[in-house]
Amino acid sequence: MNTTLYLDAWKRFVKEDVLDSARINKLILESWYRCKEEKVNPYLNRGRNLLTEQQLHTLRDKNSMLIEIATPYLNKIDQAIKQSGMMALLVDPEGYVLSITGNEKTLNDARKINFVEGVRWTECEVGTNAIGTALQTKEAVIINGAEHYSVASHQWSCSATPIFDDSQNLIGVIDVSCPIDYSHPFMLGMVTSVAYAIEKEISRRNYQKELELIQQSAQLSETRPNKLFIVCNQKQIVVAASKSFRERRPQSIGMNLTDLTNNGYQIDFETPFFSKEGNCLIGSCFYLSELPPLNKYTWSVSQPATRFIFKGESGISEAFQNTLKKVKLVAPTDATVFISGETGSGKELIAQAIHDNSPRKNGPFISLNCGAIPKDLMESELFGYVEGAFTGARRNGYKGKFEQAHKGTIFLDEIGEIPHPMQVALLRVLQERRITPLGSMKEVPLDVRVITATHRNLLELIKDGDFREDLYYRLNVYPISVPPLRNRKEDIPFLSRHICQKNNWNNVDIDILLTRLKDYQWPGNIRELTNVLERLNIMLPDNQPSLDILDNSIEVLKINYPSIPPIIEPDDFGEDEKQLTAREQIQRDLMMDALKKTKGNVTAAAKLVDIPRSTFYKRLQKFGMS
């Protein structure tokens, strides 16, 4: 049927709701009826649902694997696409355009109808179209001219094919579009061949991931034979288990995670496995505990266990396990959480874990470091602004972090750094759950969970008049303290292996270095440990034994270990030096090192060694350093 006949059929359908089914392609007919039911505007002349730059960046991160795999294949057809006056699009499973490449004139024409990166191009948004209809039918489709439901696309010809993973889950769409004058039958064959190539590459990578996961699981089983744990691939199938668990359940390999948790076991926490090549998630380790015999039957006939998701390394220390217990308790609620802990101790990971295990887990997680935002920009960053609110404002305005976090969680790190006027504004938002963007008279209602964190002592800030007491009590509903690394040193081997694995660094022989690592006080916490491991990765070539450099690790890593204090001349401290105990000498050496690092700032040095400033002054006098 030619375009003119379709245009006449379209006009009768949208005006009179009359359709000659004998003359209309069945796929188009069904799509038009769906659009009518969804009340799609047939006279819509452009796409409306556009992501912000930040939202598009987040979406690309979420679909990073699809983008990485698809890009080389899109590059291969790029020249042909441009010469043919066409453009190629990669689309996510929700219909959002992740990338567009192609002929510059065609791209310009597409911008006129908002057919751009970040737009949502589904049937519900813009009516019958190749992308939206392919998502709906899960089939390859070609839509020409007036076959499109909305006038925005009447001058276009589009071909699209869905992309599936090994489990037949829809993971995206490949589309080739052009003005209808450039339409060609090979478009559908082109997108189909590209989609097939992407699916084959996904299958190959999944197979490689499965092999690597089994290898890493075997190494873990050797290091923790007495722990109850299983390792699952991303389909939640058990591929490995610890010796203790295999003795209890010899047939566990190949079982589904849910089958195990419904029959006598519960998940205590989860840690992810990352691929060494590509740093992507390949599976998870689930640490289990047996349910009491009395509860086994009850558990099996009630709800399945809810697994606890933690994207870091949980380790084995009692201090950090207590922190995770608090996270598990508060995550299912909507309570405001206040996280305290030193810089580099992992406060954002704790905030992320609360979000990931909450009913809001499918909503956005928006993180903002308040200490990194200039004071004069903080209000617009948090609450947003409308077009024309000030000189330099974006054309369409800007949604602030609170509005971006709607239906999800907002994490405000370094909350102690916000200026006093913003404290008043934040208090009002917490009380009323509404914001007013800059330049607007309209209030925007919020449905958002608030988590805050700081490394500072807010009670001291309140005492000094730098932080509002009423705001403190609004934020401090459920406090969680993250222990510093020096209080969880038994976790260092596990953290080190996790960090190396996640960053695809050389596997450092931690056992050789363990005594020295545990002696160190780690003022920079896990962030400092990461820096040390990165330096080791740089200094240890693949073919060089670790011991060659680790023997001189104190000098190489620039760490002053308290168990091996620096050589000090006796005259430096007078006669009192001879009377100091071994413990006092270590205290004095730590203080000296802290003063050097802070260039003599006593307050900062006291924080560095984690003792009150008054105690620091007393020890200065005691050790003859004042």
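**Close-up views of a predicted model**

Cysteine 35 has a relative accessibility of 1% and therefore counts as buried, a label given to residues under 20% relative accessible area, with exposed meaning over 50% and partly exposed in between (1.4 Å probe, protein chains only). The model is predicted, so that local features need pLDDT of at least 70 and side-chain atom pairs count only at pLDDT 80 or more, while totals for chains, interfaces and linings use all residues. Residues are numbered from 1 along each chain as its sequence is written, and side-chain values use heavy atoms, with hydrogens and water left out.

**View B. Arginine 433 and tryptophan 522, two residues other than glycine with positive phi.** Arginine 433, whose phi is about 55 degrees, is found in the loop between helix H16 (420-432) and strand S13 (434-435), where helices (H or I, at least four residues) and strands (E, at least two) are DSSP runs numbered from the N terminus. With 28% relative accessibility, arginine 433 counts as partly exposed. Tryptophan 522, with phi near 55 degrees, lies in the loop between helix H20 (510-519) and helix H21 (525-539), and its relative accessible area of 0% makes it buried.

**View C. An open sheet of 5 strands with parallel pairing.** The strand order is S11-S12-S15-S10-S16, two strands being paired if DSSP finds at least two bridges between them. Strand S11 (365-369) and strand S16 (478-481) stand at the edges with a single partner strand each, so one side of each is left without a neighbour in the sheet. Neighbouring strands are turned by 20 degrees against each other on average, direction ignored.

**View D. Strand S10 and its surroundings in the sheet.** Strand S10 (residues 337-340) runs parallel to S16 and is joined to it by 4 bridges; phenylalanine 338 has proline 479 in S16 as its bridge partner. Helix H13 (residues 347-356) lies across S10, S11, strand S12 (409-413), strand S15 (449-454) and S16, at about 155 degrees to S10. Contact means heavy atoms within 4.5 Å, and axes are lines fitted to C-alpha atoms, for helices over the stretch in contact, with angles running from 0 to 180 degrees between N-to-C directions.
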